[in-house]
Amino acid sequence: KTILIPKNWRKYVNTGKREEGYLGYGYAKFAFMGRVASNSFAVLQSKNLNGDTEYLNKYDLKCELKLLAWGKFFLDSFIRRAQQYEMKWNADGAFLGTLVDKLPDLPVEQRSNQSLIWNVFLAVPLLEPGATKRKFSGNGDTGENSDYLGIWINAFAHHTVVDSIGEYVFVDIQGFVYSENQVVLFDPQAHTFDGSSGFWDKGRSGILQFLKEHKCNKICRKLGLNTE
C-alpha cells in the first residue's frame with residue numbers, strides 16, 4: 001500500500017497551528033495526517049525523546065497498537081455486561097506501517113525536511129471534527145469523574161481488572177467526546193501483571209494502586225464489579 005504524507009507538517013510543531021497536515025503532539029509522539037486511497041488517518045511517530053531509536057519507536061508503536069486491540073476487546077465485553085453502546089476505541093482499521101525505501105541514515109536532528117522521522121509508523125483512523133478532547137484519568141490517577149460519561153469510564157477501567165482476573169487495568173484514559181454520552185477513546189495505556197505493555201506500564205504495583213484508590217460508583221455496583 002501507498003500512504004501519502006504531507007511534506008511540511010514539521011514546521012508547525014512549535015507554532016501549535018494545525019496546518020499542512022500537522023495535528024499535534026503528546027508526551028511522546030507527534031501526530032500528522034496521512035491518506036491511503038480515500039481513507040484519512042492520523043499518523044503517529046515518536047518525538048525522539050531520551051535518544052529514541054528506530055527500534056524503540058517501533059517497539060512503542062507496536063505496544064500501542066496491541067493495547068488498542070486489547071482495549072477494544074475489553075470494551076466489547078464491557079458493552080455486553082452493561083448494554084452500553086456509546087463508547088469505542090479508535091482501533092478499527094489501525095495498522096503499523098514500514099517504509100519499503102528506508103530513510104537516509106542521518107542523525108535525527110538533520111531529518112527536518114523529511115515527512116517521516118522514522119521508518120515505522122502507526123496509522124489510526126482520523127476522527128471526525130466537532131469533538132472535545134477530554135482526559136478521564138492519569139497513569140497513576142484513577143480519576144474523580146462524577147458526570148454521566150465519566151462514571152461510565154471509571155466503571156470501564158474497573159471492569160478491565162475484573163474481566164482480566166487482575167492481570168490488566170486500563171489507565172490514562174482519554175478520548176474525543178461528541179455528546180454527553182458518546183466518546184471515542186485513543187492513546188491507550190495500561191498496567192499489566194507482568195509489566196509488558198509499554199514504557200508506561202507499572203506492572204502489578206500499578207494494578208494494586210488502582211484497586212486501592214478506585215472508588216466504586218453506582219455503575220460499578222449495578223454491574224457487580226467486585227475486586228475485593
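A cavity is a set of grid points where a 1.4 Å probe fits but cannot get out. In this predicted model, a search of the whole structure returns one such cavity of 30 Å³ or more. The largest cavity holds about 90 Å³ of space. Its lining comprises 14 residues. Of these, N139, D141, T142, V171 and F210 lie nearest the centre of the cavity.

Eight of the lining residues are polar, five are nonpolar and one is charged. Two elements, strand 8 (168–171) and helix 3 (203–213), each supply at least two residues of the lining. Helix 3 makes the largest share, with three residues.

Strands of a sheet pair through backbone hydrogen bonds, either parallel or antiparallel. Here, four strands form an open sheet in the order 4-10-9-7. The pairing is mixed. Strand 4 (87–89) and strand 7 (132–135) are the edge strands, each pairing on one side only. On average, neighbouring strands of this sheet are turned by 30° against each other, direction ignored.

Helix 2 (residues 148–163) packs on the sheet. The helix touches strand 4, strand 7, strand 9 and strand 10 (182–186). The direction of helix 2 makes about 55° with that of strand 4.

Within strand 9, V177 is the bridge partner of T132.

A lysine in another strand was also examined. K29 is found in strand 2, which covers residues 29–36. The relative accessible area of K29 is 17%, so the residue counts as buried, the cut-off being under 20%. Contacts of K29 were listed without residues up to four places away in sequence. The partners are G24, L44, Q45, S46, K47, L61, E64 and D187. One of these, L61, is 32 residues from K29 in sequence. In space, the C-alpha atoms of K29 and L61 are 9.5 Å apart.

Notes. Residues are numbered from 1 along each chain as its sequence is written. This is a predicted model: local features need pLDDT of at least 70, side-chain atom pairs count only at pLDDT 80 or more; totals for chains, interfaces and linings use all residues. Side-chain values use heavy atoms; hydrogens and water are left out. Two strands pair if DSSP finds at least two bridges between them. Axes are lines fitted to C-alpha atoms, for helices over the stretch in contact, and angles run from 0 to 180 degrees between N-to-C directions. Contact means heavy atoms within 4.5 Å. On a 1 Å grid over the protein atoms alone, a cavity is a set of points where a 1.4 Å probe fits but cannot get out, and a pocket is an open set with protein on both sides within 12 Å along at least five of seven lines; lining residues have an atom within 4 Å of a point. Grid points are joined across faces, edges and corners, and a volume is the space filled by probe spheres set on the points. Ala, Val, Leu, Ile, Met, Phe, Trp, Tyr, Cys and Pro count as nonpolar, Asp, Glu, Lys and Arg as charged, and the others, Gly among them, as polar. Buried means under 20% relative accessible area, exposed over 50%, partly exposed in between (1.4 Å probe, protein chains only).
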